[in-house]
Amino acid sequence: MPNVLVNFLWTFFSLAGSQGVRLVSNLFLTRLLAPELFGLMAVVNSIAMGVQLFSDIGIRNSVIHGSASKIERFDDVAWTVQILRGGLIYLVLAAVAHPFEQFYGNAQLSEVLLILASTALLHGVVPTKVYHLERNVQMKKVAAIDFTAQVLGSVVMVLVAYVTRDIWALVVGSIVIVAARIAAYYAFIPGPNNRMHWDKSAAVEIFSRGRWIFLSSMGLFLVSQGDKLVMGKLLPLEFVGIYAVGVTFSMLIGELANSLSAKFLFPLYHKLKDSDNSLLRVRKMRMLGYAVAALAAAPLMFLGDWIIKVLYDERYIAAGWILQLTALGSLFQTLDASLRPLLLANSDYFRMMIYQFAKGIIYLTLLIGGFYAYGLAGLIAVIVFSPLINLIILHGLVRKYGYRWASLDLVVCLLSIVVVGAVWYWGWSDPVSQLTQFQLAEVSVEPSNP
């Protein structure tokens with residue numbers, strides 16, 4: 001257990017440190033670049049995030065589950081499939097770049113997307129020895145590499161922005177982060193490097209898992225990026241840029257929880273699943289994680305408006321109430337992130353597919369419906385409270401594995417809403433009132449492409 005704790009701390013501080021670097025670089029970038037550039041990059045990043053998610057067809061999970069020991073040169077086959085997948089996705093994105101440009105009505109989108117899509121090719125050559133370290137919960141080197149790459153890419157981003165004052169700073173910096181990370185994997189992680197190889201039985205095993213994971217990734221893509229995709233179409237890019245600044249802070253909680261879920265909890269739950277009282281230990285870790293997340297989210301929920309006023313100029317003032325509201329939604333997401341790995345630990349990719357796909361479709365539908373029914377307020381309400389709907393679905397799916405404490409999640413969520421709502425109502429900064437005033441005052445917050 002001490003070794004597990006050490007690796008958890010390495011993973012946590014690497015992820016938290018990387019997010020901190022992003023925040024610091026963001027402070028410089030918002031002074032060098034116009035808000036609409038952040039809006040455009042948010043939309044492009046949302047599309048590019050689909051590249052990352054769709055490139056996951058079960059290779060990492062197959063290695064973590066130990067499939068590599070059963071078939072000779074399994075890792076090389078997995079790496080070969082990964083390369084082919086990355087190349088295919090790049091070609092698909094190249095084909096749809098112009099239609100996306102027409103859909104969003106921005107002449108620069110196609111060009112930016114084509115360049116940023118090169119990260120699909122880079123992700124295709126990630127060595128499988130990284131997955132072996134994750135399988136054994138040995139995260140020290142991976143965590144250090146990820147943090148260092150984030151620092152390097154952020155420095156490049158700021159320097160290029162200082163010189164060019166255009167969106168290419170964000171594009172170049174993003175590519176540098178991915179390229180530096182993967183180069184360091186090859187240079188500093190011990191073990192043989194992969195070579196291209198093909199084995200039908202290995203490929204069949206990968207794709208048998210991947211058919212469910214691919215659909216899961218589609219749902220995950222909609223959940224993680226649906227807000228930016230919908231806003232990019234329905235609202236001015238300037239507002240999308242302001243929103244992106246606000247959620248840069250609030251999404252730290254959700255992103256950290258999701259990263260720990262994938263890199264730490266999934267391998268850990270897999271190790272614990274056959275041990276005594278494993279579900280009680282999962283419940284304990286989940287509640288402890290939620291308590292820590294609540295403490296981390298509290299300053300954002302209660303002081304978010306002040307944080308934005310201190311750190312940013314008046315162009316981004318609306319990011320304050322956005323930060324406060326979305327921080328509550330990110331807090332709810334931690335309960336999802338800590339329970340989801342239970343399905344993967346039991347190799348239940350079918351239920352995971354059902355959950356992620358349903359979650360994505362529901363979220364996208366509610367976003368669009370909420371906006372047309374109640375405007376910006378309806379859209380924000382969906383972003384904040386949709387994780388509660390997801391939890392209900394997820395608890396129904398994990399009951400098969402004996403986890404039956406849905407009422408505990410319900411209690412902590414209701415308690416959080418009551419406490420946060422009371423502080424907002426009687427405190428000096430009420431984001432709900434600010435949202436209402438903003439919606440009434442800002443005539444520009446209308447569909448940008450009717």
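# A chat about helices and a few residues

Colleague: Hi! Which residues meet where helix 4 touches helix 5?
Modeller: From helix 4 there are Tyr-90, Ala-94, Ala-97, His-98, Phe-100, Glu-101 and Tyr-104, and they meet Leu-109, Ser-110, Leu-113 and Leu-114 of helix 5. Bear in mind that this is a predicted model.

Colleague: How do the residues of that contact divide into nonpolar, polar and charged?
Modeller: Eight are nonpolar, two are polar and one is charged.

Colleague: And at what angle do helix 4 and helix 5 pack?
Modeller: The angle is about 160°, and the axes are 8 Å apart. Angles over 145 degrees count as roughly antiparallel, so helix 4 and helix 5 are roughly antiparallel to each other. Their crossing is right-handed.

Colleague: Let's step back. How many helices and strands are in the protein chain?
Modeller: The chain has 18 helices and zero strands. It has 450 residues, and buried residues make up 54% of them.

Colleague: What about contacts between residues at least 6 apart in sequence: what share joins residues at least 24 apart?
Modeller: That share is 84%.

Colleague: Back to helix 4, then. Is Asp-76 buried or exposed?
Modeller: Asp-76 sits in helix 4, which covers residues 74-104. Its relative accessibility is 12%, so Asp-76 counts as buried.

Colleague: Which residues is Asp-76 in contact with, leaving aside neighbours within four places in sequence?
Modeller: Those are Asn-194, Arg-195 and His-197. With Arg-195 there is a polar atom of the Asp-76 side chain 3.1 Å from the backbone nitrogen of Arg-195.

Colleague: New topic: where is Met-157?
Modeller: Met-157 belongs to helix 8, residues 140-164. It counts as buried because its relative accessibility is 10%.

Colleague: What is Met-157 in contact with, again leaving aside neighbours within four places in sequence?
Modeller: Its contacts are Leu-29, Ala-169, Leu-170, Gly-173 and Ser-174.

Colleague: What comes between helix 8 and helix 9?
Modeller: There is a loop, and Arg-165 is found in it. Arg-165 is not a glycine, yet it has a positive phi of about 60°. At 44% relative accessibility, Arg-165 counts as partly exposed.

Colleague: Okay, another helix pair. How do the axes of helix 12 and helix 17 cross?
Modeller: The axes come within 12 Å and cross at roughly 15°, with helix 12 running over residues 278-311 and helix 17 over residues 406-426. Angles under 35 degrees count as roughly parallel, so helix 12 and helix 17 are roughly parallel to each other. Helix 12 passes helix 17 in a right-handed crossing.

Colleague: Which residues make the contact?
Modeller: Helix 12 brings Arg-283, Arg-286, Met-287, Tyr-290, Met-301 and Phe-302. From helix 17 come Leu-408, Asp-409, Val-412, Cys-413, Ser-416, Val-420, Val-423 and Trp-424. By type, the residues of this contact divide into 10 nonpolar, one polar and three charged.

Colleague: Last one: where is Trp-306, and how accessible is it?
Modeller: Trp-306 is in helix 12. Its relative accessibility is 47%, so Trp-306 counts as partly exposed. Trp-321 is 15 residues from Trp-306 along the chain, and their C-alpha atoms are separated by 9.5 Å.

Note on methods. Residues are numbered from 1 along each chain as its sequence is written. This is a predicted model: local features need pLDDT of at least 70, side-chain atom pairs count only at pLDDT 80 or more; totals for chains, interfaces and linings use all residues. Side-chain values use heavy atoms; hydrogens and water are left out. Axes are lines fitted to C-alpha atoms, for helices over the stretch in contact, and angles run from 0 to 180 degrees between N-to-C directions. Helices (H or I, at least four residues) and strands (E, at least two) are DSSP runs, numbered from the N terminus. Angles under 35 degrees count as roughly parallel, over 145 as roughly antiparallel, 65 to 115 as roughly perpendicular and the rest as oblique. A crossing is left-handed if the near helix is turned anticlockwise from the far one by less than a right angle, and right-handed if clockwise. Contact means heavy atoms within 4.5 Å. Ala, Val, Leu, Ile, Met, Phe, Trp, Tyr, Cys and Pro count as nonpolar, Asp, Glu, Lys and Arg as charged, and the others, Gly among them, as polar. Buried means under 20% relative accessible area, exposed over 50%, partly exposed in between (1.4 Å probe, protein chains only). A polar contact is a pair of N or O atoms within 3.5 Å; within protein, one must be able to donate a hydrogen and the other to accept it, and residues adjacent in sequence count only if both atoms are side-chain atoms.
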